[in-house]
Amino acid sequence: MPTTNNNTAATSHHLAQQPLYAAIQASVQTLWQQAGLPAPSLGEGSLALSGDGGAYPSSFCLDVAAPAALAASGLASALIAQHRQQQAMPQVVLDVGQVLAECSGYFTLDGRQPAQWAPISGLYACGADVGQPGWLRIHANFAHHRDGVLQLLGLPTGADTSRQAVADALKGWTAQAVEERAAALGLVVAAARSPEAWQAHPQSAAVAAQPLVSITQLDSDHPAAPRDWPAPAQHRPLDGLRVLDLTRILAGPVAARSLAAQGADVLMLNGPGLPNIEAIADMSRGKRSALLDLKTPAGQTTMTDLLGQAHVLLQGYRPGALDALGLDPQSVARQRPGIVYARLSAYGRSGPWADRRGFDSLVQTVCGINVAEGQAFGSEGLRALPLQILDYSAGFLLAFGIQAALYRQATVGGSWHVQVSLARVAQWLQAMGQRPVAAASAQTVVPPEAYLEAMDTGFGRLLAVRHRAVLQGLPSGWPHAGQPPGSDQPRW
C-alpha cells in the first residue's frame, strides 16, 4: 500500500489521491498475476506511491496506465534482487507525476530542446467521396518516410515541401485510400477511426485476442536448464545481465533503458547508415552503443558471439526483418538456449495488419483515441494525448515481461519469448475508461527541476527526466552516459 507523509499538506494530497493509487495497485496486481509471478512477493508496503498526473490533462487514465506499467517493471526488478541476494524484497518508490514527465520525452541538449515532430508530421483533413472529410495522420520524422509519402502524393521530395502543399494534395484523396496505398509501400500513415469503427475492424479483434504482455516458452519439448547468473558486483537487481538492444524509437529503447536503470549491461546495436532522430540522445542513457551490419558475414559472426553471452535479445524492427537474417525467436533459442527474446510490434503478430508498421501517434489515431479525446474536450476535430503514452507504457511493460521471463528462466529454466504491441496497450488504456475533463489548450510542460538530471554525454550536455522506479536501499544511476552509435565496439 502507499506510504503516508507526516507533513499536513502532503498527507492531505496523498489522501485525495487514494482512488488513483488504488487503481494503480489493482493494475499492478493484475499484471503480476497474468505474468505468473509469486503472489506473496507483492505484499503490504511493496510499492510506495506519491504525486499525481495533473500536469498532463486527458480524459484517459494516463496516470494509471504508465505508473502501473513502470511499477510492475520496478517490482519485477525488486523480485530479481530478492532472488539474487536472498534478502527481503526492496520497496519500490514511485512518483506518478515524475513517471508522466518521463513519458513526455522532455530533454534538452546543450540548452536546446529539439523539436519532437518533423514539419509535415501531424493530422490532415482529406477529401471524401461521401459524408464528412476524413482525417489522416502522417509520421515523417524519418526522411525516407517523409519522402515516400510526398512521392505518393505527387509532391517534390525533401524538407522544403510545406504542410500547406501536403494539405492541398490530400484534398483529392480519402484518408483510407492514402492509408492503404502507403501501407503497401511500407510507409507510416494512419486514417483516423472512431472507437466504434476500430472495434468493428478485424485487426481490432486479432489484437484483443492477444495478451497485454505475452510470455511464452520457445523450447517446451527440450527446455534449457536454468542458467547461472554472474554474482552482482554492485548489488543492483540486473547487474551483470547482458541485453542486446536492437530497437529504434521509442518503446523498445524505453524498455532497454529501463533495464539499464536497474543495472543491466545494455549494448545498443545500430546498423551502419540507419537514420536516427535526436531522441536517441535521451534513449541512450545507461547503454553502450555500437554499429553492426547484420547483412555481412562478419556482422553475423559477431552477432553469434554476442548472443553466446547474452541473457536478453530485444528487438523492435519491422515485422520479419530479423527473421530473414536467421534471428527469429526459435533460431535464436537454438543458438542460445535459455535466452529471453523480446519484441515489440505495432499491431501484434496476428490478423490482417500483422506486418503493418506503426508508431504511437498512428496507433492513437487508428484505435479511436484521438477521436474520443477530441470529443471529451469538446473539440470538433481530433485531439492527440498529451504524451506518447503508448510508447512509454509499452516500453515499461516490455521491461516487466523481460524480467518476469528472466525470473522464470532462473527458477524453472527454458527459453522465453516476450511480446508487446502498441495496439494492445491502446486497448488496455481504453478499457480503463474516460473521465470528464475541462477544456484545455495544448501546452508544453517543462518538468519540475526535482525530476531532472544533467549529464555529459557524447551528444552534448543532456538534461532529462530521471528514471522513476527507485528501489530503496539499492544503488541507483546509469551504468553509462549515452554515446552516439559506433562509440563502442560490438563486444561485451
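Me: Which ring has the charged end of Arg-383 over it?
Reply: This is a predicted model, with local features needing pLDDT of at least 70, side-chain atom pairs pLDDT 80 or more, and totals for chains, interfaces and linings using all residues. Residues are numbered from 1 along each chain as its sequence is written, and side-chain values use heavy atoms, without hydrogens and water. A charge sits over a ring when NZ of Lys or CZ of Arg is within 6 Å of the ring centre and within 35 degrees of the ring normal. At 3.9 Å from the centre, the charged end of Arg-383 sits over the ring of Phe-377.

Me: How far from the ring centre of Trp-353 is the charged end of Arg-356?
Reply: The charged end of Arg-356 sits over this ring. Its distance from the centre of the Trp-353 ring is 4.0 Å.

Me: Is Gln-427 buried or exposed?
Reply: Gln-427 belongs to helix 17, residues 422-431 (a DSSP run of H or I, at least four residues, numbered from the N terminus). Beyond residues up to four places away in sequence, Gln-427 touches Trp-198, Ser-204, Val-207 and Ala-208 (heavy atoms within 4.5 Å). The cut-off is under 20% relative accessible area for buried and over 50% for exposed, with partly exposed in between (1.4 Å probe, protein chains only). Gln-427 has 14% relative accessibility, so it counts as buried.

Me: How are helix 3 and helix 4 oriented to each other?
Reply: The axes of helix 3 (residues 62-85) and helix 4 (residues 96-103) come within 9 Å and cross at roughly 90°. Angles of 65 to 115 degrees fall in one class, so the two helices are roughly perpendicular.

Definitions and conventions
Axes fitted to C-alpha atoms, helices over the stretch in contact; angles between N-to-C directions. Parallel < 35°, antiparallel > 145°, perpendicular 65-115°, else oblique.
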